[in-house]
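Work through the exercises below with the sequence and the model side by side, and try each task before you read its solution.

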Amino acid sequence: MDKFTTLTGIAAPMPLVNIDTDMIIPKQFLKTIKRTGLGVNLFDEMRYTQDGKEIPDFVLNQPAWRNAQIIVAGDNFGCGSSREHAPWALLDFGIRAVISTSFADIFYNNCFKNGILPIVLPQEAVDVLMEDAKRGANARMTVDLESQTVTASDGQAFHFDIDPFKKHCLLNGLDDIGLSLEKVSAIDAFEAKAGKARPWV
């Protein structure tokens with residue numbers, strides 16, 4: 001998993017509330033177990049017509065936000081079913097941070113396991129950042145995980161809270177496997193000791 005330290009990039013405004021995981025990645029794309037290749041189908045039903053043509057009005061189809069790395073969203077982002085394909089699709093598109101007033105619990109935790117930083121801020125702060133995001137490529141937000149701040153293009157900064165363990169994992173690029181590998185020497189020592197004590201196993 002890639003480390004997350006500081007990100008400066010374009011933010012896409014998505015003021016809809018209750019954006020659920022089926023909107024993020026529709027069910028027909030859940031057959032794969034690969035984490036790559038899903039970005040093209042991110043928000044599929046909002047991005048494309050039934051015959052596969054782009055819907056010009058959708059934010060990620062507009063030139064100013066095609067290369068967005070941050071989403072500023074309405075309340076309760078990532079609700080619905082618990083599909084891990086949702087953060088996979090966001091990450092494959094290039095999204096590394098999502099800012100909202102609240103997230104569904106399972107989606108929130110899945111983001112951390114896949115290198116995406118979900119940021120919870122008060123409505124007043126999200127409103128300011130939403131307006132800043134509407135400026136498109138002319139405005140760049142900076143997310144600093146170490147200092148736990150989001151800074152708008154005009155320099156206005158907002159502090160966010162994060163669980164220290166989740167912060168540690170993102171800063172060091174540690175998913176569940178990476179966390180286990182940190183203990184590999186202790187695991188090897190245990191296995192060697194157990195092997196001598198129970199050679200028949």
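Predicted model: local features only at pLDDT ≥ 70, side-chain atom pairs only at ≥ 80, totals over all residues.

Residues are numbered from 1 along each chain as its sequence is written, and side-chain values use heavy atoms, with hydrogens and water left out.

**Exercise 1. Find the buried residues of helix 3 and say what covers them.**

Solution. Begin with the terms: helices (H or I, at least four residues) and strands (E, at least two) are DSSP runs, numbered from the N terminus. Buried means under 20% relative accessible area, exposed means over 50%, and partly exposed lies in between (1.4 Å probe, protein chains only). Helix 3 covers residues 85-93, and within it H85, A86, P87, W88, A89 and L90 are buried. Next, look at the cover of these buried residues, which includes helix 1 (21-24), strand 3 (70-73) and helix 4 (105-113). Finally, step past the end of helix 3 to G94, whose phi is positive, near 125°.

**Exercise 2. Describe the surroundings of C79 and of R83.**

Solution. First place C79, which is in the loop between strand 3 and helix 3. C79 counts as buried because its relative accessibility is 14%. Contact means heavy atoms within 4.5 Å, and, leaving aside neighbours within four places in sequence, C79 is in contact with N18, I19, D20, T21 and A104. For C79 and A104, the C-alpha atoms are 4.8 Å apart in space, although the two residues are 25 residues apart in sequence.

Now turn to R83, which lies in the loop between strand 3 and helix 3 and is buried, with a relative accessible area of 14%. Not counting residues up to four places away in sequence, R83 touches T21, D22, I25, P26, K27, L30 and N110.

**Exercise 3. Search for aromatic pairs and classify the pair of F77 and F107.**

Solution. Rings of Phe, Tyr and Trp (its six-membered ring) pair if their centres lie within 6.5 Å; planes under 30 degrees apart count as stacked, over 60 as edge-to-face and the rest as tilted. A search of the whole structure finds 6 aromatic pairs. In the pair of F77 and F107, the ring centres are 5.4 Å apart and the planes stand at 65°, so the pair is edge-to-face. F77 lies in the loop between strand 3 and helix 3 and F107 lies in helix 4, so this pair ties together parts that are 30 residues apart in sequence. F77 counts as buried at 0% relative accessibility, and F107 counts as buried at 2%. F103 and F107 form a stacked pair, with 6.3 Å centre to centre and 20° between the planes.

**Exercise 4. Give the strand order of the open sheet of 4 strands and identify its edges.**

Solution. Two strands pair if DSSP finds at least two bridges between them. The order in this open sheet is 1-6-7-8, with antiparallel pairing. Strand 1 (6-9) and strand 8 (157-159) stand at the edges with a single partner strand each, so one side of each is left without a neighbour in the sheet. Strand 7 (residues 149-151) pairs with strand 8 in the antiparallel sense over 3 bridges, and T149 stands opposite H159 in strand 8.
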